[in-house]
Amino acid sequence: MGGDKNRNMALQSTATYPQLAVRPVGKQIHQLYRDRLGQFTDNGQYKEQGLLAKLYDGRLNGEENVKLSVWDAPDLTRPTFDEATKRSNEYRKTKIGESFGPSWSTHWFKVQFKLPYDWTYKPQVELHWDANNEGLVWTHDGRPLQGLTGGGERVEWVVPKEYRDYDKWHTIYIEMACNGMFGNAPGGDSIQPPNPNKYFALGQADLVSVNLDARGLFYDFWIIGDAAREFGQDSWEEHQALQVCNEIMDCFITGEGSNSCLKDCREIAKKYLGDDVDSAKVYDNDNEALISGIGHCHIDTCWLWPWAETKRKIARSWSNQCDLLDRYPEHRFCASQAQQYKWLEQLYPYAYDRVKTHVKKGTFHPIGGSWVEHDTNMPSGESLVRQFVYGQRYFESRFGERCKTFWLPDTFGYSTQLPQLCRLAGMTRFFTQKLSWNNINNFPHTTFNWVSLDGSQVICHMAPAETYTAEAHFGDVNRSVTQHKSMDQDPTSLLVFGKGDGGGGPTFGHIEKLRRCRGLADKIGKLPRVTMGESVDDFFDRLEKKATDGTVDFVTWYGELYFELHRGTYTTQANNKRNNRKSEILLHDIEYFATLATVSGAKGYKYPKKGIDAMWENVLLCQFHDCLPGSCIEMCYDDSNELYAKVFFTGEQLLADALEALGFNDKTAKNSQDVGINTLGWDRQSSIITVEDTNKITSGVTNSRLMYLDPSERSALPLVFLTEAEAGVYVLENADLRVAVKDGVITSLYDRNAKRELVPKGGKVNQLVIFDDKPLYWQAWDVEVFHLNSRKELKAASPTTISENTPHRVSISTLTNISDKSWIRTTISLSAAPSTLDSSSKRSSQLEVSAEVEWHETMKFLKVEFPTNIVNTEASYETQFGIVRRPTHYNTSWDMAKFEVCCHKWADLSEHGYGLSILNDSKYGFATCGSLMRLSLLRAPKAPDAHADMGKHHINWAILPHVGALDDRTVRAGYEFNYPVHVATHPEPRTIQHLLSAFRLTPDSSNSLVLDTIKRGEDDEDASNGDMPAKKGKHVILRIYDSLGGTSRGTVNLGPIKVSKAWKVNLLEDELEEAVLGKNGLEVELRAFEVGSWKLLLVTKHAEIHDVDERKAALHTFSSAETTVGHFEMETMWFLAFNEDGTKIKVLTELVDSRSVAELFVKIEAKKKESAA
């Protein structure tokens, strides 16, 4: 009925279904069978009955096969291999169980071993060495082979075939470092200050025979077991995984763990993993993979260990990877930080050559393009530039290529100008993941366009596994999709795996697990596919192609990537931060003076490129993202203090040499005049400076880079006044401001020009406050929002006193006790108004504060407050090459998260028509809450450095009211508050003034332009360090940026410097386009917040004339008329040099306009006659 009448109504079965039930069969209790899995690889009570007991089928550790002796390096030295193996060193006998120490000491072991006959044919023999600390295996002749981690991780060294001949003793050395992967912290809390007396027992020194089937099954079972645990119970894939695992266990039990049953178990595993997981063949198919696995070894250049240990960590870690790259063809490894490559090159040439070989093969990938993985909040703009310049130049000089990807996974926030600087350094992509640590808001993107202040963009990818040290677990692979926040645009991601922070990198186990994850994905599905054998650049190339061809329109994020954690790093280790700021400024000034000295042809002077490079490399090293932020152990700051001392020592010498080459500080000259030299690119219209040899105040007024210091001005009529209006209330007053101070706080700040009081009723400006500072965990790193609830005002301990009262400046000082152990003495100073020193000045007066602090607190935070009556929902903060604006309110959790932010030389709060700027000379932490501004001064964390910030500090800040909006007055005031006027002597200053007029913006240039850097070309033949091929000619590099956020145009005055050609260039000094040389100099135009660099080719072509004795008298007469020959040279671009015997003269003519030699002599004769007349 209802169907084909010929259809068979009963199907014929080919199987005989039993009529009677044989036995009861129950449903598996899912949870029990899942929990059972742990027994198979359990290291506890079931270890001997499980798989772990089968991993090795032989073990040798007696003296018949392994002999141990040790040499203890003296004190805490880290001797080289040659030093450690000198014949004079006595190696004493040692054994398993002996302890070695103390912390940070080094012990060299001579390990002699031989194999019995039956072991020479074992599939794999390893030496297992575990002293719960780090070590490095060396050959008997001094080749570093592989690092050892200890504590059960990376304890194996695979014995090579050449060491496996029968009954023959072989020798290796093992260098033991008495520190763990994360230093020497006591107990289990790695960030506590290190224990100086830690000892390490040698637990293993065994030869073992590896059962490769058991090891393979171990990883099979691990990944299938993870599928049973992590796939949802509502999926067939989870149930199938559980069945396969239980079947393996049952097979193992039935076969009593025999070698044959291990093979059977592995066959069962193939049901879930496929047939190819024992080789790279598992990746050889066309199945689309969403995840690209890349090996990485994040090595903190210093953190819980000093730099000296980092150098060994590099050798250990990268040797490990070279070994794995030899053994696993699909493995690819990337490593950043040019400084670490340079250390390896210098200290471990064999390991460096291995790395270089793999770089050529394309398996070891230099990445990042920077000198170190640096902090990006606090270094100056030029420091960020030099991180890229020194990094990229190193990679290009050693490996023939620049990096295309900026790699910075572990830094505490990302400055808003980084995308622009990356693009200018040849990098179009950026990798990080640190924002996954945010403790308030979740960052919403994985892959996106990150846009800089000027509009430049890079493709940014943040690993969705939310780590740069993934263990290559099943879960890491799975989270690379489940936590991907940009799936609607592009679902691909990077999985960055390998032991990190303390080094090590990927293990063979990581690679084995990933093979099985890929096999599972291909055989069963559900788990996203991972692929190997590609580089980070390959991954980003695909993203860029999609963006370029319009396949994907990636979302954008404008401005800084603010990190909602580790806000205390803007303040911790204050003296370290001060040294950073002072070093940056010193280098700026050295490069400026050295450039002038070389382009002026100063006799016998050579651009000190070697010294400058050494200084920069040390400063850049100290900007590493744990060192500069203040999150290292005390030993690291002993190291950085030593480096900064070298920087300052070298820098002061280079500065003195350059000034001397320019004719300053000539001790043989008579009647030399004191002058102040301005190294900034604009006029300092007025200044009050101290002449050191008199220790008295002198005013200097200038419209150039020279300030003529007239001591007679000290007796001029008063331009600033100090009175005691009533008991304890002092009034400081000049033409701009009237300031009332009581007990060290400002109760009134009245702007005479604006007719405005800045201090709100009852407010106290310059009020010192202290807070309880106990973050949730990361002491040196974090300050939490709840610390604001513990605010306490500090009161003066003694009456305010007058410390200075001169016609040009007045000062009062107040001592405030912070506690019975700590105090601060603040000095408030007001100088003469700029307009009274120079009527053309548009600069406002600023109130300056200097503080001397003796600080011995525990978990406290010292700040100074500036309440105002200014209203704005945003405050402005100087950042590198620009301004970042942040909320002053807590409307949303994103706003409130910025309760503590980073600024550089100034912060500003302005409303329509008026504003207030706070300047500083060495601080980076700031907050603006409503109308209250707050500068962070000092912290007192006790981990990881128990003595962080303890001791004496010197801090300067200034209060700058201004009529009108935030503008160039604040920008320039910030520079002038930080960059010193150099006081020197010169016998005839006017002869150098014309040269000093070069490389300055003309008065009609946009005031928003800042000429930030003046230096020589990196590869000029007279200034090259030899890393790259030298280029002919002399070049000067100028770096200029728009500081206020609008299109800016200007002209750079070249003074007497003759330039034949100019180009706009990138940070690496590659030519982008030819620049315009107008009649007044170099013409520049920048878009809002653009950073521009220009390369100027100086005229260097010469014609030589000899035997012109008759010209000497004429030239002498001319030079006398023009003050000096030096001036004559600058005006005419003729370089004149007398021979040593004083009888002959050589004339070198720079042929700017094809001027002939004959015309030159005509000119000389004309000058002679003019002078005689």
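Which helices and strands each supply at least two residues of the lining of the largest cavity? In this predicted model, they are helix H10 (381-399), helix H15 (574-599), strand S39 (874-879) and strand S49 (1009-1016). H15 gives the most to this lining, with 5 residues.

The largest cavity has a volume of about 260 Å³. It is lined by 23 residues. Those closest to its centre are Ser 380, Gly 381, Lys 905, Tyr 979 and Asp 1012. By class, the lining of the largest cavity comprises 8 nonpolar, 7 polar and 8 charged residues.

The structure holds 10 cavities of 30 Å³ or more. Gln 433, Leu 435, Ser 436, Phe 443, His 445 and Thr 446 are among the residues that line the second largest cavity. Its lining also includes Met 462, Ala 463, Pro 464, Glu 466, Gln 483 and Lys 485. Here the division is 5 nonpolar, 5 polar and 2 charged.

H10 also takes part in a helix pair. Two packed helices are described by the angle between their axes and the distance between the axes. The axes of H10 and helix H16 (residues 609-622) come within 10 Å. They cross at roughly 110°. Angles of 65 to 115 degrees count as roughly perpendicular, so H10 and H16 are roughly perpendicular to each other. On the H10 side, the contact involves Glu 382, Ser 383, Arg 386, Gln 387 and Tyr 390. These residues meet Lys 609, Ile 612, Asp 613, Trp 616, Glu 617 and Leu 620 in H16. The residues of this contact divide into 4 nonpolar, 2 polar and 5 charged.

Terms used
Residues are numbered from 1 along each chain as its sequence is written. This is a predicted model: local features need pLDDT of at least 70, side-chain atom pairs count only at pLDDT 80 or more; totals for chains, interfaces and linings use all residues. Side-chain values use heavy atoms; hydrogens and water are left out. On a 1 Å grid over the protein atoms alone, a cavity is a set of points where a 1.4 Å probe fits but cannot get out, and a pocket is an open set with protein on both sides within 12 Å along at least five of seven lines; lining residues have an atom within 4 Å of a point. Grid points are joined across faces, edges and corners, and a volume is the space filled by probe spheres set on the points. Helices (H or I, at least four residues) and strands (E, at least two) are DSSP runs, numbered from the N terminus. Ala, Val, Leu, Ile, Met, Phe, Trp, Tyr, Cys and Pro count as nonpolar, Asp, Glu, Lys and Arg as charged, and the others, Gly among them, as polar. Axes are lines fitted to C-alpha atoms, for helices over the stretch in contact, and angles run from 0 to 180 degrees between N-to-C directions. Angles under 35 degrees count as roughly parallel, over 145 as roughly antiparallel, 65 to 115 as roughly perpendicular and the rest as oblique. Contact means heavy atoms within 4.5 Å.
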